[in-house]
Amino acid sequence: MGSPSVVRRRAAVAVAAAAALAIPLLGAPAVAAPASPSVPTASAESGRHDSRAGKAYVERTLAHMSLEEKVGQLFVTNAYGSQSGAVTDVEKAANQKAYGVDTPSQVVEKYHLGGVIYFAWTNSVQNPDQITALSNGLQTTALNSGARVPLTVVTDQEQGIVTRIGPPATQFGGNMALGAGRSTTDTRVAAKITGQELAAMGINQDFAPDADVNVNPANPVIGVRSFSSDPMLAAGLTAAAVRGYQDDAGIAATAKHFPGHGDTAVDSHLGVPLITHTRAQWEQLDLPPFRAAIDAGVAAIMTAHIVVPSLDPSGVPATLSKPILTGVLRGELGFTGVIYTDALTMQGVRDAYSDAEIPVLALEAGADVLLMPAEGAMDDAYQGVLDAVRRDRISERRIDASVRRVLELKWDRGVVAHPIADPAALTGVVGTPAHLAAAQGITDRTTTLVTNDGTLPVAPAGKKILVVGPDAVTTGTLAAALTARGAQVTTTVTGTSPDPTVRAAAVAAAANNDLVVALTNNLHAATVPAANVRALVAELGAGGTDLVAAALRNPYDVAYGEGVESWLATYSVKPVAIESLARIITGEVTPTGKLPADVPAAGPGTTAYPFGAGLTW
């Protein structure tokens with residue numbers, strides 16, 4: 001999380017970098033947006049501009065809702081099953097354990113849910129046809145029960161390391177890759193494509209973009225989910241993403257995790273992070289992307305389960321803090337949209353409070369939507385809010401204020417007008433050749449060449465290349481790409497913690513090749529597996545074969561460069577990023593990416609490669 005002196009230094013560097021770079025970064029050469037098929041569902045022109053009609057809908061709906069239905073609108077949770085009304089025995093058992101009912105539709109009916117969220121582990125995101133059918137089935141349930149209000153259907157399609165829906169949906173490298181590309185146009189196009197494909201599958205809200213400024217290389221939960229360690233670059237790209245999701249694709253965007261999760265050394269899924277930034281440091285480092293999102297009209301902001309004493313000295317996590325949510329976010333920043341809590345399953349908010357008390361505290365703090373109470377605790381959470389109203393701890397007027405904001409979001413984002421997705425539109429939207437080509441072009445502009453002694457580019461025809469990597473998938477993907485370009489490629493899969501025997505075998509294999517490409521994934525970490533990977537790279541570098549290394553996740557790996565002729569950073573293990581890596585290694589593409597964060601040296605207190613570093617041919 002960094003000492004106060006380190007944080008002050010980061011703030012000063014960030015401000016100086018912003019002053020020097022804000023204009024060229026945000027005015028980067030425009031890249032033409034690809035033509036994309038229009039999506040007939042969740043249309044961006046669904047009557048949302050008729051404010052009088054929207055207000056009338058909201059007030060009419062609210063007037064006819066029971067207290068139970070109002071409270072239900074404030075909950076978004078998962079349900080188990082690939083279909084809305086038919087489940088396997090395993091899915092049924094999971095729903096019974098969590099909610100006391102059998103199917104996803106029954107979960108919606110029981111709690112009058114305002115929304116549902118999809119994950120792979122709930123069997124919700126198997127393929128576009130299945131997702132669309134599930135979305136439509138759940139919407140049909142909502143429209144034919146209770147208050148007859150359509151659902152917000154949500155997922156975390158941040159891209160990069162947080163991607164819930166895989167191929168054939170279009171894949172991108174993620175936020176830090178886009179930060180390396182420096183293009184607001186590319187970022188907006190990536191969000192537009194992602195949003196259009198989600199809308200086609202009946203998903204009308206994305207929990208993206210991540211607006212955290214990752215100033216801590218040891219951050220265990222954000223890292224490459226952030227656009228940059230530079231607050232102004234992160235702000236410009238956050239605003240571009242919001243506009244891509246909302247203005248271009250017509251779905252709701254969600255900036256997260258307020259008031260800023262970028263300087264933590266604790267994962268809030270497991271504990272309570274403490275942010276030691278002063279108020280001035282917070283305003284310089286963490287605030288700009290959230291302010292930019294609000295200025296861009298973001299529909300929702302998600303809270304963080306972090307303690308920020310400079311904003312609230314009580315020690316209460318931001319999710320439960322009235323000074324932060326009502327005082328800062330609503331009062332000072334003027335945000336009028338929907339405030340979502342982060343998942344209430346997370347230890348960062350459960351350490352000191354019961355599952356029945358947490359949602360009440362969140363509402364008292366100023367939150368609107370209560371996301372994912374702990375497994376088996378939905379009854380307690382829902383009843384806890386009802387009891388708080390019936391005992392006059394929370395007024396029904398306060399509940400109405402949050403329900404009103406939820407209904408306004410549904411009206412404004414076209415959920416009310418177009419709740420049902422058209423299955424016939426899927427093939428014309430999801431994973432189209434135009435979208436895939438755009439994703440590849442954008443990714444080609446993000447890969448960063450950090451060091452090069454002239455080894456790159458290589459002419460692949462007839463070249464004997466060994467690809468060394470931690471897993472068979474990424475290693476095999478790069479090997480196939482290089483083979484397709486005429487190289488003679490072999491692979492060595494080392495696992496994530498190569499012992500001396502594995503390392504010796506890799507070094508022996510390298511001796512029979514013209515070039516070694518070593519793939520790393522967080523070798524900078526202070527762990528035994530990472531130390532073993534660092535040893536592997538050093539031992540390969542001590543051999544007589546040219547060594548190219550590629551950091552496939554956090555770019556901080558490139559500080560460990562002894563014996564490496566060329567270091568690249570891809571920021572992602574996605575196939576689209578591996579293809580770009582192959583294109584740059586072989587000279588098909590000229591590298592243009594720039595480091596979106598400082599890379600600290602292996603020794604403390606110094607920088608190996610600064611923000612903005614990046615070579616070309």
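Helices here are DSSP runs of H or I with at least four residues, strands are runs of E with at least two, and both are numbered from the N terminus. With that in hand, welcome to a predicted model, in which local features need pLDDT of at least 70, side-chain atom pairs count only at pLDDT 80 or more, and totals for chains, interfaces and linings use all residues. Residues are numbered from 1 along each chain as its sequence is written, and side-chain values use heavy atoms, leaving out hydrogens and water.

**Overall build**

- The protein chain holds 21 helices and 18 strands. Its radius of gyration is 24 Å, close to the 25 Å from the globule rule for 617 residues, so the chain is as compact as a globular protein of that length. (The radius is taken over C-alpha atoms, and the rule is 2.2 Å times the number of residues to the power 0.38.)
- Along the principal axes, the C-alpha atoms fill a box of roughly 75 × 55 × 45 Å.
- Of the 617 residues, 61% count as buried, meaning under 20% relative accessible area with a 1.4 Å probe, protein chains only.
- Take the contacts (heavy atoms within 4.5 Å) between residues at least 6 apart in sequence: 77% of them join residues at least 24 apart.

- Helix 11 spans residues 287-295 and is mostly covered, with 7 of its 9 residues buried.
- Those buried residues are Leu 287, Pro 288, Pro 289, Phe 290, Ala 292, Ala 293 and Ile 294.
- Their cover includes helix 9, strand 7, helix 10, strand 8 (300-303) and helix 12 (322-332).
- Just after helix 11, Gly 297 takes a positive phi of about 85 degrees.

**Aromatic pairs**

- Phe 207 and Tyr 340 make an edge-to-face pair, 5.3 Å centre to centre with 75 degrees between the planes. This pair links distant parts of the chain, 133 residues apart: Phe 207 sits in the loop between strand 6 (205-206) and helix 9 (231-248), and Tyr 340 in strand 9 (residues 338-340). Both Phe 207 and Tyr 340 are buried.
- Phe 258 and Trp 282 are also edge-to-face, at 6.2 Å and 85 degrees. Phe 258 belongs to strand 7 (residues 254-258) and Trp 282 to helix 10 (residues 279-285), so the pair ties together parts 24 residues apart in sequence.
- Ring pairs also link Phe 75, Tyr 99, Tyr 111 and Tyr 382 into a cluster.

**Backbone points to check**

- Most residues other than glycine have a negative phi, and most peptide bonds are trans.
- A cis peptide bond joins Pro 167 and Pro 168, with omega about 15 degrees; Pro 168 lies in the loop between strand 5 (162-163) and helix 7 (175-181).
- Another cis bond runs from Lys 256 to His 257, with omega near 5 degrees, and His 257 is in strand 7.
- Met 372 has a positive phi near 50 degrees, and this residue counts as buried at 6% relative accessibility.
- Tyr 571 likewise has a positive phi, near 70 degrees; its loop runs between strand 16 (566-569) and helix 21 (575-585).

Definitions and conventions: Buried means under 20% relative accessible area, exposed over 50%, partly exposed in between (1.4 Å probe, protein chains only). Rings of Phe, Tyr and Trp (its six-membered ring) pair if their centres lie within 6.5 Å; planes under 30 degrees apart count as stacked, over 60 as edge-to-face and the rest as tilted.
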